[in-house]
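Here are my notes on the model, point by point. Please read them with the structure open.

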Amino acid sequence: MESTILSIHKLNKRYGKIHAVKDVSLEIHKGNVYGILGPNGSGKSTTLGIVLNVVNKTSGEYSWFGGTMKTHDALKKVGAIIERPNFYPYMSAKENLELVCKIKGIDYSKVTEKLEIVGLMDRKDSKFKTFSLGMKQRLAIASALLNDPEILILDEPTNGLDPQGIHQIRDIIRLIASQGTTILLASHLLDEVEKVCSHVLVLRFGEILYSGTVDGMTNQGAFFELQAESNSNLITLLKNHPDVDKISETEGKVIVHFNKDMDAGQLNKYIFDKGICLNHLVQKKVSLEQQFLALTK
């Protein structure tokens, strides 16, 4: 049984007339990377704020670590970056992290270990004010990792960064995940979620549109592009297939969607056995982007 780190059940948040979070439920299990994906204003930050005890919920429940400890104690096992980090500008990276250790009663040996993870060892003695935005964000991640949290929570971790900075942060997220830390990140960038997350919750106006694995979201849209000597005979044949969902024809190709998983080999054999030879067969996937746009329209 994989251990549950965070359980959210029918969470709601209202600000006056605005229903910012509507009946959101989510289970976070150890060792996965979860993305909460949605356009700005979809309720991502509010949801994170509630479970981190910085925003009051209107209704619903959430519990950390199977409900075995109070939120206050549970949050000591959570690393989170939900707003711009505030470090002391004239202190070095190393000094800033040592200060965090001092406040939280963490051994100073963790400083070097975490600076290495985020690739800032060569700048450990540089003043924080000399850091680029990407370096500041990496230092914030190092800081959130000092207490070896069970879960790291990141709100829009690559916001405002240049392409190189974005790439570095994503590599760091993958590295941290590979070492066994569970990660929950909020993002409006589909590409980010597709590249670093294993699971995704898609929100729009506070409501869940999809919840499941990232692969599952892309698999929902597999279809085939077919062509034969006579496409009309092919279409007639396909209409009798029990699992066909819809058929269309564009630019001399027959596009066929199935309502269950279909293997290209099986399909080819089915058609061949009925006396039609295909001269073209390609299995295609609806990109995550296309699905996301369809969901959030």
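1. Start with Ser92. Setting aside neighbours within four places in sequence, Ser92 is in contact with Lys124, Asp125, Ser126, Lys127 and Phe128. Contact here means heavy atoms within 4.5 Å. Ser92 sits in the loop between β5 (78-81) and α3 (93-104). Helices (H or I, at least four residues) and strands (E, at least two) are DSSP runs, numbered from the N terminus. Ser92 is buried, at 6% relative accessible area. The classes are buried under 20%, exposed over 50% and partly exposed in between, with a 1.4 Å probe and protein chains only.

2. A word on the basis. This is a predicted model, in which local features need pLDDT of at least 70 and side-chain atom pairs count only at pLDDT 80 or more, while totals for chains, interfaces and linings use all residues. Residues are numbered from 1 along each chain as its sequence is written, and side-chain values use heavy atoms, with hydrogens and water left out.

3. The six-stranded sheet. The sheet is open, with strand order β5-β6-β7-β3-β8-β9 and mixed pairing. Two strands pair if DSSP finds at least two bridges between them. β5 and β9 (207-213) are the edge strands; each has a single partner, so one side of each is left without a neighbour in the sheet. From one strand to the next, the twist averages 10°. Axes are lines fitted to C-alpha atoms, for helices over the stretch in contact, and angles run from 0 to 180 degrees between N-to-C directions.

4. Inside that sheet. β3 (residues 33-37) pairs with β7 (residues 182-187) in the parallel sense, over five bridges. Ile36 is opposite Ala186 in β7. Helix α5 (residues 133-145) packs on the sheet and touches β5 and β6 (151-155). The direction of α5 makes about 160° with that of β5.

5. Salt bridges. How many salt bridges does the structure hold? The total is 16. The criterion is a side-chain nitrogen of Lys or Arg within 4 Å of a carboxyl oxygen of Asp or Glu. Side chains of opposite charge can pair when their charged atoms come close.

6. Helix α4 (residues 109-117). Glu113 forms a salt bridge with Lys110, with the closest N and O atoms 3.5 Å apart. Both residues lie in α4, three residues apart, about one turn of the helix. Glu113 is partly exposed at 35% relative accessibility. Lys110 is buried at 18%.

7. Helix α7 (residues 190-196). Asp191 forms a salt bridge with Lys195, and here the closest N and O atoms are 2.7 Å apart. The two are four residues apart in α7, so about one helical turn separates them. Asp191 is partly exposed at 35%. Lys195 is partly exposed at 46%.

8. Helix α10 (residues 264-273). Lys269 forms a salt bridge with Asp273, the closest N and O atoms being 2.8 Å apart. Both lie in α10, four residues apart, about one turn of the helix. Elsewhere, salt bridges that share partners join Lys110, Glu113, Lys114 and Asp148 into one network.

9. How do the axes of α9 and α10 lie, and at what angle do the helices pack? α9 (residues 231-239) and α10 pack at about 110°, with axes 11 Å apart. The pair therefore counts as roughly perpendicular. The bands are under 35 degrees for roughly parallel, over 145 for roughly antiparallel, 65 to 115 for roughly perpendicular, and oblique for the rest. Leu234, Leu237 and Leu238 in α9 meet Leu267, Tyr270 and Ile271 in α10. The contact residues divide into six nonpolar, no polar and no charged. Ala, Val, Leu, Ile, Met, Phe, Trp, Tyr, Cys and Pro count as nonpolar, Asp, Glu, Lys and Arg as charged, and the others, Gly among them, as polar.

10. The four-stranded sheet. This open sheet runs β11-β12-β10-β13, with antiparallel pairing. β11 and β13 (278-285) are the edge strands, each pairing on one side only. β10 (residues 222-228) and β12 (residues 253-258) pair in the antiparallel sense over four bridges. Leu226 stands opposite Val254 in β12. α10 lies across β10, β12 and β13, at about 150° to β13.

11. Last, Ser248. Ser248 lies in β11 (residues 244-250) and is partly exposed, at 34% relative accessible area. Leaving aside neighbours within four places in sequence, Ser248 is in contact with Lys253, Val254 and Ile255. Ser248 and Glu225 are 23 residues apart along the chain, and their C-alpha atoms are separated by 9.7 Å.
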